Amino acid sequence: MAEEKKRNRYVNYIRKPLAKGGFYAAGITAVGLVLFGSVIGLAVKSQGNVPLNVGAMAFSSFLFALCGLFYGIGAMFEKEKNYILAKLSVIMDSLMILVWVIMLIIGLRMR
């Protein structure tokens, strides 16, 4: 009994490698965040009167967020890996999608 308690106190210091899909998800999330920041910055600078290419950038940012979300969720199914990048990208992509949907709803109601 005492030996069993002693065995449970050991700490495993072997580092797990990062999930391969987490790198893809983080890269896609970074591209989506750059596009998101560009769109918001251009919209504020022009006081909402943006050209059509900014709308295309906004839609691309939304699509990158969706792809990053799917890659992040897929990376969490890899076995015996560290999922920190996948979790961060899923959180960031979810927030970005939520912000885009809220902005779309507000824009359609103001019309």
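Student: Buried means under 20% relative accessible area, exposed over 50% and partly exposed in between, with a 1.4 Å probe and protein chains only. Where does Gln 47 fall, buried or exposed?

Tutor: Gln 47 is exposed, because its relative accessible area is 72%.

Student: Before going on, what am I looking at?

Tutor: This is a predicted model, in which local features need pLDDT of at least 70 and side-chain atom pairs count only at pLDDT 80 or more, while totals for chains, interfaces and linings use all residues. Residues are numbered from 1 along each chain as its sequence is written, and side-chain values use heavy atoms, with hydrogens and water left out.

Student: OK. How many helices and strands in the protein?

Tutor: There are 4 helices and 0 strands, so the pattern along the sequence is α-α-α-α. Helices are DSSP runs of H or I with at least four residues, strands are runs of E with at least two, and numbering starts at the N terminus.

Student: Back to Gln 47. Where is it in the chain?

Tutor: Gln 47 sits in the loop between α2 and α3. Its phi is positive, about 55°, although Gln 47 is not a glycine.

Student: Change of topic. What is the reach of α2, first C-alpha to last?

Tutor: α2 has 26 residues and reaches 38 Å, close to the 38 Å expected at 1.5 Å a residue. The expected span is 1.5 Å times one less than the number of residues.

Student: And what about α3, how far apart are its end C-alpha atoms?

Tutor: The end C-alpha atoms of α3 (residues 52-75) are 35 Å apart. The helix has 24 residues and should span 34 Å, which agrees.

Student: Which residues of α3 are buried?

Tutor: They are Val 54, Ala 58, Ser 61, Ala 65, Gly 68, Leu 69, Gly 72 and Ala 75. Their cover includes α2 (20-45) and α4 (84-110).

Student: What do the buried residues of α2 pack against?

Tutor: They pack against α3 and α4. Among the buried residues of α2 are Gly 21, Gly 22, Ala 25, Thr 29 and Phe 36.

Student: Pick Thr 29. What does it touch?

Tutor: Leaving out residues up to four places away in sequence, Thr 29 touches Gly 68, Ser 89, Met 92, Asp 93 and Met 96. Contact here means heavy atoms within 4.5 Å. Thr 29 is buried, with a relative accessible area of 5%.

Student: Which residues make the largest nonpolar core?

Tutor: The 10 residues are Phe 36, Val 39, Val 54, Ala 58, Ala 65, Leu 69, Val 90, Met 96, Ile 97 and Trp 100. α2, α3 and α4 each supply at least two residues of this core. A nonpolar core is a set of buried Ala, Val, Leu, Ile, Met, Phe, Trp, Tyr and Cys residues joined through side-chain atoms within 4.5 Å. In soluble globular proteins, nonpolar side chains tend to be buried together.

Student: What does Val 39 touch?

Tutor: Not counting residues up to four places away in sequence, Val 39 touches Val 54, Met 57, Ala 58 and Trp 100.

Student: How much of the protein is buried?

Tutor: Buried residues make up 23% of the 111 residues.

Student: And the accessible surface, what does it come to?

Tutor: About 8500 Å², of which 68% belongs to carbon and sulfur atoms. Accessible areas come from the Shrake-Rupley method with a 1.4 Å probe, and for residues only the protein chains shown count as cover.

Student: Which residues make the nonpolar surface patch?

Tutor: Leu 33, Ile 91, Met 92, Leu 95, Leu 98, Ile 102, Ile 106 and Met 110 make a patch of about 760 Å². α4 gives the largest share, 7 residues. Patches are made of residues with over 30% relative accessible area and no salt bridge; like charges are joined within 9 Å, and nonpolar side chains (Val, Leu, Ile, Met, Phe, Trp, Tyr) within 5 Å. A salt bridge is a side-chain nitrogen of Lys or Arg within 4 Å of a carboxyl oxygen of Asp or Glu.

Student: How does Leu 98 count?

Tutor: Leu 98, in helix α4, counts as partly exposed because its relative accessibility is 48%.
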